[in-house]
Amino acid sequence: MITEAARSSHAAEQLRAALADLGITAGVHQGHGAALLSVWVDLLVWSDGVHFMWWNGEHSARTGRRKYAAHPADNPATAARRIAARYADLRAAHPAPPLRAPRAEAAPL
């Protein structure tokens, strides 16, 4: 029997690979029966092994709470395309900081 942790971890790794195919890097973290993929600022995807869920960028007009998108975990390629669209929106709003050149070390005395 597959454990909940193994199922969520497997789904997250499949989604990570599908995102990588689209040129998007994500880190996978596992714990307490759920897996998390850290993709970008305000884009954290989590999975219970059955579904992927992430904030869709909207708030409820009634409650002010965040609205979430969900996608079945058995189709990571389509989920990755949906997440990639959100990623593109966030990259436009929060571009990566410029790379800094390494600091030169002081010469020994």
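## Salt bridges in a predicted model

Glu-13 and Arg-16 pair through their side chains in a salt bridge, with an N to O distance of 3.0 Å. The model is predicted. Both residues sit in helix α1, which spans residues 4-21. They are three residues apart, about one turn of the helix. Glu-13 is partly exposed at 35% relative accessible area. Arg-16 is partly exposed too, at 31%.

How many salt bridges does a search of the whole structure find? The search gives three.

Another joins the side chains of Asp-42 and Arg-66, at 3.7 Å from N to O. This pair links distant parts of the chain, 24 residues apart. Asp-42 lies in the loop between β2 (34-40) and β3 (43-47). Arg-66 belongs to strand β5, residues 66-72. Asp-42 has a relative accessible area of 34%, so it counts as partly exposed. Arg-66 is partly exposed at 39%.

Glu-58 is partly exposed, with a relative accessible area of 41%. Lys-67 is partly exposed at 35%.

The pairs and their distances are listed here.

| Glu-13 | Arg-16 | 3.0 Å |

Why is Glu-58 classed as partly exposed? Its relative accessible area is 41%, and partly exposed lies between the buried limit of under 20% and the exposed limit of over 50%.

Definitions and conventions: Residues are numbered from 1 along each chain as its sequence is written. This is a predicted model: local features need pLDDT of at least 70, side-chain atom pairs count only at pLDDT 80 or more; totals for chains, interfaces and linings use all residues. Side-chain values use heavy atoms; hydrogens and water are left out. A salt bridge is a side-chain nitrogen of Lys or Arg within 4 Å of a carboxyl oxygen of Asp or Glu. Helices (H or I, at least four residues) and strands (E, at least two) are DSSP runs, numbered from the N terminus. Buried means under 20% relative accessible area, exposed over 50%, partly exposed in between (1.4 Å probe, protein chains only).
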